[in-house]
Amino acid sequence: MPLSAPRRRVAVIGTGAIVTGGHLPALRAHAERVELVAAVDLDEGRLDAFRQLAGARVAGFTSTEAMLDEARPDLVLIGTPPALHREQTVAALEAGAWVLCEKPLCLSQAELDDITAAEEASGAYAAVVFQHRYGSGAVHARDLIARGELGVPLVAHCQTTWHRDAAYYAEPWRGRWATEGGGPTMGHGIHQYDLLLHLLGEWEEIRAMAARLVHDIESEDVSTALVRFRDGALATVVNSVLSPQEVSRIRVDCADATVELTHLYGHGNDDWVYTPAPHVDPERVAAWRAPAHHVPSSHTAQLGAFLDAYDQGVRPPGSGPDARAAVEFAAALYKAAFTGRPVRAGEIGPGDPYYTAMHGGHPDWAPKERA
């Protein structure tokens with residue numbers, strides 16, 4: 001951070017649990033670098049409660065446009081339901097503000113192209129919250145893999161097996177394509193497979209299946225995929241909300257070691273385990289130990305990286321290609337599952353039905369006309 005960098009004026013759009021539980025603590029942790037000046041929520045009671053929690057100097061608005069016009073924030077943090085993300089992100093960018101938005105950044109590659117166009121026109125940037133990338137354990141693992149310290153990646157497993165009951169889907173925006181963008185592939189497992197992509201890089205081909213086994217929703221409640229990465233590694237990906245024993249797990253078997261992360265909603269250094277192959281020298285294994293500093297994966301860690309980029313005037317991590325990778329992967333998984341054929345990286349573009357909607361208009365999955 002440059003010594004002359006001023007405190008940045010920040011606004012939040014949405015004042016629900018993810019903002020109070022994730023973004024507000026992050027803002028407080030970086031209080032020397034940011035000042036929360038405004039909050040937006042259609043629910044005036046919830047807005048007032050948030051302002052009391054955040055501080056009396058935070059101005060309250062029920063309109064994003066009014067907030068952007070009056071408060072003129074440098075940064076906007078978005079924590080609203082997914083269907084609102086594209087519109088609110090584009091509005092903030094057009095007002096000249098940088099954006100850090102909860103996942104998914106938007107509901108399709110077409111919407112992502114709208115955000116990219118707004119970035120190019122404004123010079124501001126929009127990043128998505130994928131906080132699991134920013135824990136020190138993840139940074140360390142990615143560095144080891146990228147430098148070849150663990151050998152060539154060969155086999156990987158990415159598991160998000162969570163449990164959500166009928167009450168969870170009683171929220172009218174959940175489980176619907178138009179408002180959530182999909183099921184656990186978009187709303188839950190996206191954190192883990194984003195981290196997998198962060199660790200292993202570009203993929204080439206995906207084959208998948210999806211099903212609606214329990215919940216009365218439009219989207220899937222479980223999906224599975226087989227993925228071939230550009231360097232030849234093969235991976236499995238499972239996204240489920242049907243699993244009583246909840247766990248989030250990534251395992252990468254490299255030629256010289258297995259690296260495994262097991263957690264639920266966030267990880268620390270101790271959640272990463274390295275198992276050497278029998279031929280590896282113990283002195284080499286010692287170099288794989290977790291870093292001396294401990295940074296848990298969190299909104300706080302990602303906000304710090306985002307502010308560093310803002311102060312340097314460079315594209316922040318989690319934006320541009322980083323954001324597109326997860327959206328494209330989700331679209332490819334859905335297309336492979338619903339069509340029953342392999343999908344290759346880069347094949348979904350304008351004119352492809354999965355470019356504009358994750359259901360691709362498939363007759364068994366697209367929203368039905370309501371009487």
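## Reading a fold, one feature at a time

Q: Which residues does His140 touch, not counting residues up to four places away in sequence?
A: His140 touches Tyr274, Ala287, Trp288, Arg289, Ala290 and Pro291. Keep in mind as we go that this is a predicted model.

Q: Where is His140 found?
A: Look in helix α6, which covers residues 136-146.

Q: Is His140 buried or exposed?
A: The general idea is that a residue counts as buried under 20% relative accessible area. His140 is at 14% relative accessibility, so it counts as buried.

Q: OK, on to sheets. How do strands hold on to each other?
A: Strands of a sheet pair through backbone hydrogen bonds, and the pairing can be parallel or antiparallel. In this structure, 6 strands make an open sheet with parallel pairing, and their order is β3-β2-β1-β4-β5-β6.

Q: Which are the edge strands?
A: They're β3 (59-61) and β6 (126-128), each of which pairs on one side only. As you step from one strand to the next, the twist averages 25°.

Q: How many bridges do β2 and β3 pair over?
A: Strand β2, residues 34-40, pairs with β3 over 3 bridges, in the parallel sense. For an example to find on screen, take Val40: its bridge partner in β3 is Phe61.

Q: Which strands does helix α4 touch?
A: Helix α4 (residues 85-94) packs on the sheet and touches β1 (8-13), β4, β5 and β6. Compare directions too: that of α4 makes about 160° with that of β5.

Q: What is the phi of Arg72?
A: Arg72 has a phi near 50°, which is positive even though the residue isn't glycine. You'll find Arg72 in the loop between α3 (64-71) and β4 (75-78). Arg72 counts as partly exposed because its relative accessibility is 47%.

Q: Which peptide bond is cis?
A: Go to the one from Lys103 to Pro104, where omega is near -15°. Pro104 sits in a loop as well, between β5 (98-101) and α5 (109-122).

Q: Last topic: pockets. What volume does the largest pocket have?
A: About 1,200 Å³. There are 42 residues in its lining, and Ile18, Gly79, Thr80, Pro81 and Trp173 lie nearest the centre.

Q: How much space lies in the second largest pocket?
A: The second largest pocket holds about 360 Å³. It is lined by 16 residues, with Leu197, Gly201, Glu202, Pro321 and Ala325 the closest to its centre.

Q: Which of the elements gives the most to the lining of the second largest pocket?
A: It's α12, with 5 residues. By class, this lining divides into 7 nonpolar, 2 polar and 7 charged residues.

Terms used: Residues numbered from 1 in each chain as written. Predicted model: local features only at pLDDT ≥ 70, side-chain atom pairs only at ≥ 80, totals over all residues. Heavy atoms only, no water. Helix = DSSP H or I, 4+ residues; strand = E, 2+ residues; numbered from the N terminus. Buried < 20%, exposed > 50% of the residue type's maximum accessible area, 1.4 Å probe, protein only. Pairing = 2+ DSSP bridges. Axes fitted to C-alpha atoms, helices over the stretch in contact; angles between N-to-C directions. Contact = heavy atoms within 4.5 Å. 1 Å grid on protein atoms, 1.4 Å probe; cavity = no way out; pocket = protein on both sides within 12 Å on 5 of 7 lines; lining within 4 Å. Points joined across faces, edges and corners; volume = space filled by probe spheres on them. Nonpolar A, V, L, I, M, F, W, Y, C, P; charged D, E, K, R; others polar.
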